[in-house]
Amino acid sequence: MKAIISGKYGGPETLELRVVARPKLKPDEVLVRIHASSVNYGNIVLLRGKPFLARIAYGLKKPKFPIPGSDFAGAVQEVGENVTEFQIGDEVYGDLSSSGWGAFAEYAAVPVNAITHKPSNLSFAEAAAVPMAGITALQAIRNQAKIEAGQKVLIQGASGGVGTFAIQIAKSFGAEVTAVVSSRNVAIASELGADHVIDYKKEKVTSRDQLYDCIIGVNGSESISTYKQILTPNGIFVHIGGGSTSKMIETMFFGPLLSITGKKKFHTFMHQPKREDLVWMRELLEAGKVKPVIDKSYALSEVPDAIKYFEEGHSQGKVIISMPYEGD
Ligand SMILES: NC(=O)c1ccc[n+]([C@@H]2O[C@H](COP(=O)([O-])OP(=O)(O)OC[C@H]3O[C@@H](n4cnc5c(N)ncnc54)[C@H](OP(=O)(O)O)[C@@H]3O)[C@@H](O)[C@H]2O)c1
């Protein structure tokens, strides 16, 4: 099979397209013919081995997972001897970031607890856009912020992979959503359901006379002190990513302290791939409450270009890797 191989830590230029043996199937796995994958920030951490602490999980000197790629959608080609709930031909999707990676390849052997059936109304490319970005947004909104209907939610940096899901998921919980995006992304934020849009090129998040029950920091996150000003007395800030390293460290270290001493809460969190959340997302997608936003699509051989584009940090929605198969 064709696969992208990462032999050492470095930039996208270190990645090579090679022909390698298909992975061998374990009893609790299925072999999936991958039709599409997508790019996430986790791919960059695995590629570059940065931050350095990540190498504890990914390999100290070189990546111990030679084929990167987490999100995928595809069709089951073989089933392991213990597998009862999937059959050959079933269309599935999932996130391999906790299961050995390997989605930038034509085939992957995946444990059944990392996958579920693909949303029936989505193409493979659309389904591959969902797992990491969609579930990050879902877990931030549902588990961390515990958003309730009628609450006012500000989503900072709402136009990328995670942000476009965050707007729609917050709306699905009945929130009144304010999206913070650049001028070129104002229209897409409104189309996705944002009730109000702040163009950060023209206006500060603090310039409106408005308090928020919840602020989700996805990209371009401000300092805790800025958010403290615009949170309601019991409000919560959930930091997903973005912003400078100093702002991230500030939230990680001072957030817990401020949360203990005051009523306003400041959390950082890491998404956890969970099969039940793939099911949750499938229900939202099939009900038409959420739709993936795809910016650009690249072939498997173009993964280095896809990563270069993603690393520029301006994608509008998701960057897809397409591996078409007969019948797609
Ligand atoms: N905690 C977790 O478990 C977890 C999981 C996944 C991702 N993340 C983090 O979440 C963040 C977002 O990931 P992603 O995949 O959604 O990224 P992404 O798709 O690359 O986000 C790009 C988008 O962000 C916008 N943007 C850039 N700078 C901005 C700013 N200063 N203010 C507002 N918007 C800005 C860009 O539009 P403009 O340039 O036009 O503004 C673009 O539309 C990353 O930092 C990633 O590390 C965390």
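Trainee: How many Å separate an oxygen atom of the ligand from an N or O atom in the side chain of His314?
Mentor: This is a predicted model, where local features need pLDDT of at least 70, side-chain atom pairs count only at pLDDT 80 or more, and totals for chains, interfaces and linings use all residues. Residues are numbered from 1 along each chain as its sequence is written, and side-chain values use heavy atoms, without hydrogens and water. A polar contact is a pair of N or O atoms within 3.5 Å. For His314 the distance is 2.5 Å.

Trainee: What share of the ligand's accessible area does the protein cover?
Mentor: Accessible areas come from the Shrake-Rupley method with a 1.4 Å probe. On its own, the ligand has 930 Å². The protein covers 88%.

Trainee: Which residue has a backbone N or O atom 2.8 Å from an oxygen atom of the ligand?
Mentor: Ser159 uses a polar side-chain atom, 2.7 Å from a ligand oxygen. The backbone atom at 2.8 Å belongs to Gly161.

Trainee: How many residues of the shell around the ligand are charged?
Mentor: Near means that a heavy atom of the residue lies within 4 Å. Asp, Glu, Lys and Arg count as charged. The shell has eight nonpolar and 15 polar residues. The charged count is one.

Trainee: Why is strand 1 largely enclosed by the rest of the structure?
Mentor: Strands are DSSP runs (E, at least two residues). Buried means under 20% relative accessible area (1.4 Å probe, protein chains only). Strand 1 covers residues 2–6, and it is largely enclosed because the number of its five residues that are buried is four.

Notes
Buried < 20%, exposed > 50% of the residue type's maximum accessible area, 1.4 Å probe, protein only. Polar contact = N/O pair within 3.5 Å; in protein donor to acceptor, adjacent residues only side chain to side chain.
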